[in-house]
Amino acid sequence: MWRQVAGWLSIVCVLIVMLYMNFSDQDTRLVNEHANNGVLDLTTLHDLDKLVALSGEWKFTPNVFIDPKEFKQDAANQIVPGPWDADAQYGSYQLLIKIPEHFSEVGFRVRNIWSAHTIYINGEKLSEVGHIGTTKAETNPHNPSYEFYIKPKSKQLLMTIHVANFYNARGGIIFPIDFGDAFVMKQDVEDDFQIEWTGTFLLLIFSMFHLTIYLLRKKDVAFFYSGVYFFSLALVVMTRGERILYRKFPNLSFDFYFRLQDSITFFSSLLLILFIIRTMPTFMKKKQLIVLFSPVVLYAVGILLLPARTLSSLQYVFFFYMNILLVGLIVRFIVLIYQKKWLIPKNEILILGIMLMFLLMFLLSGSIDQLFFSGRNIFNRFGLLGFAISMNVFLGIRLINRTEDAEKLSDRLEKANLSKDAFLDVTTEELKNPLYQAINLTKSVQLEKGHTQLYIIEQLLERLLYLVNDLQDFTRIRFQDYAFDLQSTNASMIVRHVAQLMDFSFSRKQIEFEECIPETLHVLADEKRLAQVFYRILEESSYYATNGRIVVNATHVQHEVILTFKAIGDRTQFPKKESKEIGLLMGKELIERMNGQLHIHYHKEGVDFIVRLPFEEYKSYLFAEHAAVINTNEWIASSIDEQNDLIVLIVEDEPIHAEVYASMLSDLYKVMIVYTAQEALMKIEQEPNISLVIIDEVMPGIDGIELTKQIRQKASLMELPIIMTTSNDYPKNLEVIFSSGANDYLIKPVTKEAVLARLSAVEQTKRAMMQAVEHEMAFLQAQIKPHFLYNALSSIISFCYTDGERAAYLLSMLSSYLRYIFESGKEGHHSTLQKELDIIEAYVEVEKARFGDRLSFLYEIDDSINPNEIEIPSLLIQPLVENAIRHGIFEKEGKGHVQLTISKQGQNLFINVVDDGIGMSDEQCRILLEERTSSNGIGFTNVLRRVREFSKGNLTIHSTLGEGTYIAVTFPIKEN
């Protein structure tokens with residue numbers, strides 16, 4: 001608190017000092033003494049009045065240089081300050097000054113006499129500026145601001161000024177000449193110099209500060225205009241007023257100095273307007289800016305190109321024109337505030353208004369000064385001071401607001417990022433279940449019918465499963481919650497297993513595969529993750545090895561093993577390096593976390609993928625250790641051949657999961673299925689011959705844990721073994737499973753081999769079930785049901801029996817859908833319009849598989865649009881199409897249609913999504929647009945926020961109940 005008080009007190013003290021310096025100036029206008037008929041009588045001047053302006057009626061003789069020793073009483077009177085009235089280009093001014101008694105040494109302060117002149121006092125030449133002449137050729141123009149001092153020998157001074165002006169539109173004594181006590185005048189001049197040099201120094205500091213900010217952050221263009229404006233304003237201060245630039249560099253040429261003075265005055269005004277418009281875009285349109293300020297620009301350019309003061313007759317016209325424009329801008333500012341059309345925060349609006357008021361004071365006081373030829377105006381300095389301070393305060397507040405906005409946005413992005421990662425982590429875990437079930441079903445059908453198409457579907461499912469594993473690893477690594485099971489791993493076996501998955505692809509591309517890894521060589525790695533990486537490497541290698549070969553060999557060098565995947569083909573054009581390397585980003589990450597390295601080496605014939613892993617040992621291959629993987633069906637069949645009358649009860653609330661388990665076991669067991677815990681208890685009572693129970697851990701009502709406890713009240717571990725399926729393999733969860741009375745567990749998703757192996761071994765492992773497992777704190781996550789994926793895979797499975805090609809096509813669409821979501825998370829927040837259209841087509845095709853002719857979809861895109869060149873936020877259009885289908889069409893009776901139209905108007909992209917579904921009420925539309933809905937995924941609220949905040953666009957909804965919904969999205973085009 002005390003720091004705030006001290007800060008405000010310091011600001012007040014600084015303002016007091018600055019105001020004192022500004023208003024302590026000696027103002028000669030406060031002394032009411034004026035010349036009358038060429039005579040200025042100061043004999044009655046008060047002792048406290050030390051300075052006076054020599055203003056009033058002077059004697060003026062046009063086109064003649066009179067004798068400075070004689071006072072020409074009959075000459076015409078001329079009001080000073082101001083231009084001479086006569087049609088003259090040279091002439092003589094005279095004034096008789098009667099000085100007071102208390103003036104011993106006096107000074108004269110000349111501010112502005114156009115242009116060359118010579119000053120005489122009592123016939124004695126005391127000052128000569130430039131060279132006067134009766135023709136332009138004889139005259140050498142000069143117009144500085146200066147002083148001279150004398151000790152008068154009498155109490156009456158005859159001041160004669162010969163002036164020649166062939167350059168400026170107005171000639172003569174433009175600003176008043178100050179006269180008074182020499183000491184006071186010297187002090188006044190010194191104070192004025194200090195004020196103007198201080199102001200110039202501060203303006204240059206402001207300029208450098210603002211330009212530095214712009215160079216560090218070039219997006220803030222307003223700082224560029226403000227920095228250049230402060231620099232131009234410093235030049236204005238230096239060239240006008242006391243003309244301190246002329247005093248510091250007296251040898252500057254007349255032509256250069258006044259070109260600089262006049263042009264910078266008008267260019268600075270233009271820079272200020274550009275700053276204001278850049279700060280508040282609604283202030284003025286670009287065309288209006290060009291129309292209103294093009295005359296000023298042309299005039300300033302003319303000043304630079306033509307000789308000095310050629311256009312001086314128009315100077316005051318443009319002064320008034322600039323003032324009128326400024327008043328118009330202030331009126332426009334007030335109108336925008338009244339109409340609430342500003343685009344900046346209210347605190348910035350307040351300071352901007354104060355800044356404009358000070359600017360108006362600065363410009364109007366300067367214009368009045370020029371109009372009435374006062375030569376000094378404290379309000380001009382006060383306006384400049386207030387404007388400079390308020391402008392910096394405005395930019396400071398603007399910077400604070402942007403920083404606060406950035407902090408809020410950063411927090412929101414952090415939360416959104418965590419939510420996205422959590423969503424992906426849980427979804428990938430859930431996605432594994434239907435994938436494994438689809439693989440197991442396909443294998444069962446394939447064994448029965450032997451279809452090649454089903455074999456292709458199996459390979460597609462397995463490849464999709466590896467993609468899901470990549471996605472899951474990506475999210476877990478983001479969470480820093482990934483544990484690697486590093487153990488002795490047979491590299492040769494992993495390569496052969498992955499190559500078997502790629503067998504169909506290799507045959508179609510005519511790729512010869514050769515594996516040259518010693519069978520006894522083992523590396524230290526995570527077996528599952530290593531297979532995942534090798535699959536990705538072989539998939540990438542196949543792009544380079546068409547009509548060629550892939551050779552895999554291994555070299556043991558000290559403490560590491562170097563595995564080389566060499567892809568050689570006859571392709572004349574290989575894929576881009578960047579695109580292929582992106583696909584291996586997760587592979588590199590996984591290898592590095594296993595203390596290894598993955599490198600890619602391109603050459604003319606193809607590419608080499610080099611994997612370095614820690615060496616573990618040489619060990620003979622033990623068949624028994626891997627029997628369940630290599631030939632599980634035969635092994636299990638032989639071990640339970642005499643037990644095919646055993647009854648297995650499956651308790652699973654998901655019918656699809658239950659049917660998949662039944663298909664796995666039906667060849668070797670008698671299977672019963674129930675869907676609730678109550679049915680399971682009744683079935684166990686009714687069928688005492690049930691040999692084993694498989695229970696899902698998570699079920700509605702009584703869950704698997706509670707059901708197991710109730711079963712254990714009636715049957716022991718020996719009497720009725722129980723295997724529980726779970727998706728959570730954390731030690732704490734497994735402890736709960738075992739403590740409830742389960743004999744064993746299966747981690748979902750499960751394979752047929754794993755299920756059969758556990759069932760076969762359950763009798764032999766009954767005593768081992770009581771062994772304790774290692775305890776560890778579990779990380780629990782909310783479960784998100786990806787209904788779309790379940791339904792899609794259900795539809796695909798149904799096509800496996802009827803239309804294998806259709807099933808393969810739908811799996812490709814689903815794979816494209818998932819790959820797009822995965823790649824969008826790795827590549828950033830944007831993608832091309834073409835990619836978005838591809839994922840929409842993939843999604844619609846999968847949905848059509850479920851609903852058939854009930855759904856029709858069509859999209860139209862302007863011919864002028866190249867979708868590969870237009871960049872949009874990822875997943876911006878697809879959620880809108882999905883909402884139209886799921887919430888508009890599927891809840892409608894009969895057929896429905898969704899229309900997507902994309903057009904281009906100017907620099908904006910227009911996207912329209914129209915459906916003839918059930919529609920919405922006005923209240924529902926209003927709630928959506930106010931972002932009052934919540935979504936666990938990428939929903940409408942997310943799209944609306946990204947359109948408004950990131951894309952700087954707009955989204956509108958028009959809907960009628962029973963007729964349909966129209967959604968329009970507009971945002972600036974961003975080309976890739």
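A residue counts as buried when its relative accessible area is under 20%; the exercises below apply this cut-off, among others, to a predicted model.

**Exercise 1.** Decide whether Y246 and Y257 are buried or exposed.

*Solution.* Begin with Y257, whose relative accessible area is 0%, so that this residue is buried. Then take Y246, where the relative accessible area is 3%, and this residue is therefore buried as well.

**Exercise 2.** Classify the aromatic pair formed by Y246 and Y257, and state which helices the two residues lie in.

*Solution.* The ring centres of Y246 and Y257 are 4.1 Å apart with 20° between the planes, and because planes under 30 degrees apart count as stacked, the pair is stacked. As for location, Y246 belongs to helix α4 (residues 244–248) and Y257 to helix α5, so the pair ties together parts that are 11 residues apart in sequence.

**Exercise 3.** Classify the pair of W114 and F254, and work out which elements this pair links.

*Solution.* The ring centres of W114 and F254 lie 5.9 Å apart and the planes stand at 80°, so the pair is edge-to-face. Placing W114 in strand β7 (residues 113–114) and F254 in helix α5 (residues 254–279) shows that the pair links distant parts of the chain, 140 residues apart. Both W114 and F254 are buried.

**Exercise 4.** Which residues do ring pairs link into a cluster with W114?

*Solution.* Ring pairs join W114 with Y167, Y246, F254, Y257 and F258 in a cluster, while the structure as a whole holds 30 aromatic pairs.

Key. Residues are numbered from 1 along each chain as its sequence is written. This is a predicted model: local features need pLDDT of at least 70, side-chain atom pairs count only at pLDDT 80 or more; totals for chains, interfaces and linings use all residues. Side-chain values use heavy atoms; hydrogens and water are left out. Rings of Phe, Tyr and Trp (its six-membered ring) pair if their centres lie within 6.5 Å; planes under 30 degrees apart count as stacked, over 60 as edge-to-face and the rest as tilted. Helices (H or I, at least four residues) and strands (E, at least two) are DSSP runs, numbered from the N terminus. Buried means under 20% relative accessible area, exposed over 50%, partly exposed in between (1.4 Å probe, protein chains only).
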